[in-house]
Amino acid sequence: MAKSRKFVVILIILLVTAFAAKGIIYHVYPVEYKDYILKYSREYDIDPYLLTAIIKVESRFNKDAASHKGAIGLMQLTEPTAFWIAESMGNENFVIDDLYDPETNIKMGAWYVDNIRREFGAIELVLAAYNAGRGNVASWIDNSLIAGDGTDCSGIPYQETKTYVEKVLANQGIYRILYDIR
């Protein structure tokens with residue numbers, strides 16, 4: 001009888017630990033603004049797990065995030081990029097504070113990801129351009145530092161960008177395992 005009671009206690013401890021660990025994992029990898037992520041990932045034909053991963057890496061889902069480089073909101077768009085996106089999208093009433101609105105920020109960020117993808121194609125190159133700028137990525141391709149098809153990005157000369165691409169791709173995989181975002 002004592003052995004079975006001990007077994008039950010150990011089993012309960014293991015189950016509680018497993019549920020606590022699961023809760024921690026979902027806390028570390030949250031999904032907020034899922035409706036907007038789905039809406040704009042569909043509109044711009046972007047993997048919703050990729051969009052979620054970009055937001056996680058860029059702002060950790062903090063809609064009020066502002067970087068020391070002037071990037072704002074969930075997808076960390078800079079002022080010049082945001083005004084260019086707004087103009088390209090035909091949004092004549094855009095003001096920079098609109099970037100603190102989750103829907104506006106995700107819509108503009110998704111549009112931008114799609115726009116970069118039209119130029120570079122491969123997700124690795126899209127992410128590198130999102131982080132370091134299109135001109136840098138084009139130059140890296142022209143100088144054969146990275147492959148134009150995205151198959152070899154090991155030559156990215158900016159460690160921050162190389163790490164960014166790796167983080168987003170890793171987070172995309174983790175989100176795909178943890179959630180059903182479709």
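**Exercise 1. Is Lys69 buried, partly exposed or exposed in this predicted model?**

Solution. 
Step 1. Take the relative accessibility of Lys69, which is 56%.
Step 2. Compare this value with the cut-off: a residue is exposed over 50%.
Step 3. Lys69 therefore counts as exposed.

**Exercise 2. Find the residue that pairs with Lys69 in a salt bridge, and state which parts of the chain the pair joins.**

Solution. 
Step 1. Side chains of opposite charge can pair when their charged atoms come close.
Step 2. The side chain of Lys69 meets that of Glu160, at 3.6 Å from N to O. The limit for a salt bridge is within 4 Å.
Step 3. Locate both residues: Lys69 is in the loop between α3 and α4 (79–89), while Glu160 belongs to helix α8.
Step 4. The pair therefore ties together parts that are 91 residues apart in sequence.

**Exercise 3. Describe the span of helix α8 and the two sides of this helix.**

Solution. 
Step 1. Helix α8 covers residues 159–178, a run of 20 residues.
Step 2. From the first C-alpha to the last, α8 reaches 28 Å, close to the 28 Å expected at 1.5 Å a residue.
Step 3. List the buried residues of α8: Thr161, Tyr164, Val165, Val168, Asn171, Gln172, Tyr175 and Leu178.
Step 4. These residues cover an arc of only 165° around the axis, so they lie on the same side of α8.
Step 5. Turn to the other side of α8, where Gln159 and Ile177 are exposed.

**Exercise 4. Work out what the salt bridge between Asp47 and Arg176 links, and how accessible each partner is.**

Solution. 
Step 1. The closest N and O atoms of Asp47 and Arg176 are 2.4 Å apart.
Step 2. Asp47 lies in the loop between α2 (34–43) and α3 (48–59), and Arg176 lies in helix α8, so the pair ties together parts 129 residues apart in sequence.
Step 3. Asp47 has a relative accessible area of 24% and is partly exposed.
Step 4. Arg176, at 42% relative accessibility, also counts as partly exposed.

Notes
Residues are numbered from 1 along each chain as its sequence is written. This is a predicted model: local features need pLDDT of at least 70, side-chain atom pairs count only at pLDDT 80 or more; totals for chains, interfaces and linings use all residues. Side-chain values use heavy atoms; hydrogens and water are left out. Helices (H or I, at least four residues) and strands (E, at least two) are DSSP runs, numbered from the N terminus. The expected span of a helix is 1.5 Å times one less than its number of residues. Buried means under 20% relative accessible area, exposed over 50%, partly exposed in between (1.4 Å probe, protein chains only). The arc is that of the directions from the helix axis to the C-beta atoms.
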